[in-house]
Each structure stands twice: as C-alpha cells, then as structure tokens.
Amino acid sequence: MKPRHILTLLLLLVSVLPALGQSVRLNVPSAGGTPGVGDIFYIYITLHDISAQPAQPASVPGAKVMYMQQRSSSSQTTIINGVQTSTSETTYALTLRAEKAGTYSFGPISVGGHRSNRVSYTIAQTSSRQSQTQPAPGSAPNPSAGPTLTKVGGNDLFLRASVSEANPYEQQGVVYTVKLYTTYSQIFNWIATNSPSFGNCTFDTSDDTDHALGTENYNGKTYYSAVIARYIIYPTQSGEVKIVGNSYTGSVGRTYAYTDPYFGHMSKMVPEQVEARPNDITLHVRKLPGQTDYPDINGVGTFKVSAAMLSKSFKARQPAKMRFTITGSGNLGFVSLPDLAAQFPPEIKFLKSEDKIQKNVGASSVNGTVTFDVTFIPQKEGSFEIPPIKFYFFDPAASKWYILSTQEFKLKVGEGSAAHADDNSLTFDDQLQPLGHLTSAHAFIVSGSLFWLWYAVPVALLILAVIIYSKRVARLSDIAMLRRRKAGKVARRRLRAARACLGSKDASRFYDELLKGLWGYLSDKLDIPASDLTRDNVRDALATAGVPSDLLDRLITLIDECEFAKYGSAAGADLKSNYETACDIIDKLETAINTPKH
Amino acid sequence: MKHIVLHIAALLLLFIGAAPTLKAAPADYEQAYKKGDYIQAVELLQRTLAEQGSSSALFYDLGNAYSKAGNPGAAVLNYEKALRLDPGNAAARSNLHYTENMVQLANESEVGDRNLDPAPAPLSFTDSIRAGISTFSSNAWAVTSVMLFFLFIGCAVLYLFFSGVALRKVGFFGGGICLVLSLAAYCFSTLSRSDILAEQTAVLMQSQATLLSSPQADAKPVAMPLSSGTKFKVTGTQKADDGTVWTRLYLNSDYTGWLPASYVEIVRVPGLK
C-alpha cells in the first residue's frame, strides 16, 4: 500500500463514498470542573464521516458563543470485500463564555443531514475553577513597577509558534506549540478566534497546555510565558507544508500609575483587549527513505504487533474472525494491515477487516492501540496454516525501517453446510469491454411515436394489393365474359368478311379470314389465348362444354381443310362450301355451348 | 465515368486493406485501469459518461473499475445499469453474480449465531416470468415483433394470392402462428419497458448500514448490519420533519426497514425513457 495511493483514496473516496455509519456527536468535556459565570467552557462536536462543516450556532442557552474551531482530524482505513475504503473523524470545539447560572441543554444539531444527540451542562454562579491566569508563586517582579505603557501587542506580548521537527518524514508526528510571551502579569480570557491551518496534514489537539503563566528568559529579556496551544500533526505528503498561525484574542491587565493626594503613588489595573498572531511555519516534509525496498508500509512510528484467533472452531464456508493488535506511538490513523488476501493460503478467503483506534494525545506524541478484526472464510475442510504476517514500519526518530511478524496459526477446518458449495465456480472477469457507441438518449423502440407504422404500413399495402388484385380479376373476367358473349357475333362478322372474298376469288385471303374467324371464335368462347389453341385442347374444352362429338369432328375436319387450302394448295378447294359449313358449325356451337348445363 | 469508379474502388480497397493495421490508441481510462490506478479510471469513465453518454460496455467498465477500487455498492449499481441497456451482456451478468456473492458472504458474516438469512427473498411466479422476459431487451422484442409481423404478411400473401392447397394451408396456419407470436413479442416489449421505467431496485452505497424500524435516527435497528452492494426493493418513501428523506427497503421478511435515502441509490439509466 502506497501513501500516495492512500491520499488519492482519501481525497476522492471520502467525497465519493460515504462510509462507516455517518454520525454527529456532541459532548461537554468536564475537565476543569463546573464553569462559573464568566468562565470559558467548551462543547465538542465530533463528526464521523461527514464532510460538511457544522454551522456555528447563533446562540447557546446560558452562554455566549465566542467561536468554533477545528480541534482534530483523523482518518481510518477499512478493508471490506477485499479492498480499502477510508473513513474520517473531525472534532470541532465550540468555545463559549458562561453568562447565566443554571442547567441547560444544547442540541440536537444537524450537520450534513445527520442529527446529533443532546447534551446538558450546568453553569454555577461562581467559578469553582482555579483562575487561569495567576502568575506562578514566588517569581513575579514587583507589580507596581509594571510594564511600560507601550502600544498594544508588540514587544510586550507576542506569540511564538514552534515545531519539534522542521524537516519531518511523511506521517511523522510533529508537535506544533504556540507559546505566549508577555510582560503583562495578568491575562484574561485568552482564546483563539479561528483554527490554525495545517495544509493537508491530519492532526490531534493536545490538552497539554499551560494554565498558568511561568517565567522565561527569551532573547535576553524576562517574560511571563505559557503554552497556549499544542497540536500533534502528521504530514500526509512530501514537499512543503505551510502552517498558518491563527489569531488569538484576550484582555491584558494594563497597570496605570497615578498619584493619589492621600496615598501617594498608586497604580490601578485596567483590562484592555489585545489581539495577536503567531508566526507561520513551513515544514519541509521528506519522503520516507528506501520505501521502494519494502513491499508495503503499514505505519510510521514505534509499534508492537500481536495477533490472536478470536474464533475457536472452524467449519468450511463459515466466517471466522482473528484480531491483529498494533500498539505504540505514532500516526495511529495511518496504520494499516498488509495485503492479507495475498498472504493467506488459497483455501482461506479473506473477506473484510474492521479497525478501531484508541488513542491518547500526549504532550509530544500520540499513543494508543489500533485493533483490526479480520473476517475470513475457510473454503473447504482440512488442515491449513495462516503464515506469519509481516508488518513493515518506519521509525522516524531512528530513521530506520523495522519488520515485525505475527506468529503462524494452524487451523483445523471441519465439514461445513451445503450453502455456498459452488461459490468457487464464480469468477471475476477484469477485462474491459470496448465502449462502442455512446449516446445519452436510449430510446425504447416500442414507445416511439411512429412505431405503429411498422404494422400499419404492411397491412395497408396488403389491403391495397388485395383490392388491386381483385379488381384486376374482376376486370379480366368481365372481359372474358364479354368476349365469350360476343364471340358468335365477332365470328359471323369475320365470316362475312370472308364471304366478301368469295366474290373476288381471293382464296388465300378468304381462308385467312375464315380461319381467323374460327380460331378467334374458339379463343373467345373457350377463354384460351389464340396462340395456345391446339386441336387437342379445343376438342377437350368443347367436349367438356357438352358439344356432341360429331359436331366436334365436323369442326376439326373443316379446320384441317382450310389450313390445307391455305398453307398447301388451294386447288380443288370448295370455298363456298367451306364458308357454309363454317357458318353452320358456328351456329350449332353457339347453341351447344350457350345452353346451360348445370 | 469508369475512371472515377476505378479510382473510388482503389481507394476503398486501400482503406479496407489498411483497416486491420489501424488500431485505436488505448484510451486514458484503459491505461489507468491496467496500471492499477482504479480511482483515476473511475474518474475518467465518469467524465466520458457525462460528456458523451453511455453504453452497456461503459457501465460494465465502470463496474469493474469500482469493483477493483473497493466500492462494491457502485460496482453492483453499474453492472445493473449495464444489464438494463443490454441484458445479453454476459460478462456484466457474471461479474454481478460474483460481486453479489461477496456481498452475501459479508452480510452472512455479520449474522453470527442468530437465525437470520440476509439472502434476497425468492422470486414469485410473475416475477420469474418477468425476469425471463427481461433476458432480452425491450428493443429486441420490438424488432422481433415487427419481423414476425412481416412474416405474417408474407403468409397472408401466400394464402390470398396463390392457388394450390399446400401453399394456402402454409399461408393460413403459418400466418396465424406468426400473428400470435408477433402479438406476444409486442406485449413482452411493452412489459419490459414498463418494468424498467417503474424500477424500484436500490443498492446500498454505504459501506455498512443497519435497517431501522422507523424513519428516525434513533429508531430500533432491524436485524444485523448489511454491507455495501446489498440490493433492495424500495417499498416506500417518507420525508421527516427536518427535511431528510427516508426510504423503506425490502430484502426479505427478516430484513425490511428504513434507511436515509442518501444511503442507497436506485438503478436508473439516464436517458432511458
């Protein structure tokens, strides 16, 4: 696991991924006893996994809201379903000045859509706390000498910020201290008016600050001094980090000398409001040396590791738990488990891990314990071993890496139930598919406004085709019927034309007309195209129509004779007799065919 | 004229010949994914989604990237979206099963020795029929319906315009079958569409959450915590006094309760209507 990887995970996943149970919690720290009227007290607002900032409440019952500052921020990583997610926790301190005695309750407040609990607190009439600002006994110079009347701030009061290490390693704890130096012997209600900015570092607020002024020699001058703020910060990235100091305000007791007619030289103290800001500090954060030599980094600090199996018995395909405990001092939020999925044997499937941090913020470091509860599932029965798990730590004080191992565990896995028996057939295909055609409008065809046309148009075309077809059929049968009815007339007309040729003795033309008449009549009557007419189908068709066979024979004989005369020699042909036979046959055929049969 | 045609033909041949050697450069997100920078791959894919639109393969790639990055909730959500657009995306279906199995294992590990089973309730008869219908997309059913209708028209033509008993029999019975099938395919298409539009499947996006018995932050928890990636059916919503929206979720008879609406996300493909 690389720190950079974690950082991008933190920055992006925390915004993309709401994680472990977002919550808002209020609590009133009881350190320092019950505040009296005029005392400063705090309400802490702890946000778990919420990126929104709490709004500073306009009023708090019984007290005046001074302001709100961020007190600490930390993040934790969790491994569920094989990979990492991260969560964050931020605490804000709401600084209040008690104004009216009584018992009050505050909350619930809403941050980022989550509701907090309600807290109650009591304000006593008089303060039971020790005054915050007495000078240390036996060290104060003569108060009547007092400070000189210089302008507010300046050399008579200043804040000095310092860090324990200006060139820390990534994730190394750095103590940021803000110390107040003053020549005033009394300071009242000294509070910060905003939070310091630590860039991209995570931090914890230490309560190890001074509650009373001590003396210190600084740059050759004696001052009253007190540590007013202490933070332990962890840089998350190498490079330059600028720590911007925040403003503080309070009132100082300014002594005025005057002469009283009766008592002589006197001095009186008048409180005056001052503001001050410490210097900014730049940290030059170094990368961890030789990090590429190690496969992983599990923490920065001084730690001890131990492992224990929480489950006593093991069954195939049933989840079991084990615990890794890491104790020590350093950036506890950065401590993580090695890649257990890779180190466990293939028959033990790593499922998820949950971590808990318990920490104690001291004067120069954060101590505590991180517990990882790991859930795993043995895949089948048998005897398996969890090998020693190696943890890679970096000790920033010694600038050295050190490797700690847990002991190995031997597991005897018994027979499990039948559930999840064929899980091993499920595989994950991590190939990517080519994107193909990208569009933002995925229309359903079936609901398209013109979809019905796909049905309507073919039906319309079909109906059209049927109409056209039936009209054509009707038309053709009309024509056929017409022709059939007129067949006789047409034939007689043709025969008359032939008769005309009789007179002109034009034999070829006569037979032309005669044959045309005969074949034409047969074609019309039988509804067969003239080119398809043969003696056979004529005979068949006429026989079907009920024409007696002797008439048929006469017809065929006549046709033979005419064709012989036409295509052969017309000599010996009896034109007139052929003509009369033709007329007679046609008359007879008309009668024979037109008589309704069935 | 011939000259021009020859030129065009030559150009086409050249293009076709060159096509196999023209390979698209691997996209940025592919490189990030192969390098193991899954967060970056997710970001690039989301950007492509916002700028150019979506496809089944895009949602599948997002699902894979989220899965490798450790977000099973977003992975399940995206695999489901991929299947809404293309139910035939076999890889999406199998990866979805794999991820859901991991989620199920995580849920079971929370149960301990209680008598609870965080498996989804079995499908009712109508639900399994609808599931069967949705193995093809609504559009596939619509196209099938139109094709069958064309076949029906063809059979009608056979019946109406041709003589010959065999042909007319084929036309009549074939036409009848085709018409019935076409109607069925049309019904499946509209059913599939209305199912997708009435989508009430929600995926848990929080890494762990416990269902509550009523829509209040201090309500009693129902059963054990559930892991990110668990799929529910939304059975109701309610707005609380302070403005937060709560959804009622159903997994099975043991696991049914309320969660803030921000904890889950309903499967909805943008632009599908």
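Helices (H or I, at least four residues) and strands (E, at least two) are taken here as DSSP runs, numbered from the N terminus. On that basis, chain B comes out with nine helices and seven strands. This is a predicted model, so local features need pLDDT of at least 70 and side-chain atom pairs count only at pLDDT 80 or more, while totals for chains, interfaces and linings use all residues. Residues are numbered from 1 along each chain as its sequence is written, chains are lettered from A and ligands numbered from 1 in the order in which they are written, and side-chain values use heavy atoms, leaving out hydrogens and water.

Staying with chain B, 45% of its 273 residues count as buried, meaning under 20% relative accessible area, with exposed over 50% and partly exposed in between (1.4 Å probe, protein chains only). Contact means heavy atoms within 4.5 Å. Among the chain B contacts between residues at least 6 apart in sequence, 56% join residues at least 24 apart.

Next come the nonpolar cores, each a set of buried Ala, Val, Leu, Ile, Met, Phe, Trp, Tyr and Cys residues joined through side-chain atoms within 4.5 Å. The largest has 38 residues, and Leu45(B), Phe59(B) and Leu62(B) make the most contacts inside it. Helices 2 (28-35), 3 (38-52), 4 (56-69), 5 (72-85) and 6 (90-111) of chain B each put in at least two residues, and helix 5 of chain B gives the most, with eight. Setting aside neighbours within four places in sequence, Leu62(B) touches Val42(B), Leu45(B), Gln46(B), Leu49(B) and Asn78(B). Apart from this core lies another, of 35 residues, with Ala491(A), Ala498(A), Ile559(A) and Ala565(A) among them.

Over in chain A, helix 3 (residues 453-504) packs against helix 4 (residues 507-526) at about 175°, with the axes 8 Å apart. Axes are lines fitted to C-alpha atoms, for helices over the stretch in contact, and angles run from 0 to 180 degrees between N-to-C directions.

Four bridges join strand 11 to strand 16 (residues 248-260) of chain A, and Ile191(A) has Thr249(A) as its bridge partner.

Notes:
Pairing = 2+ DSSP bridges.
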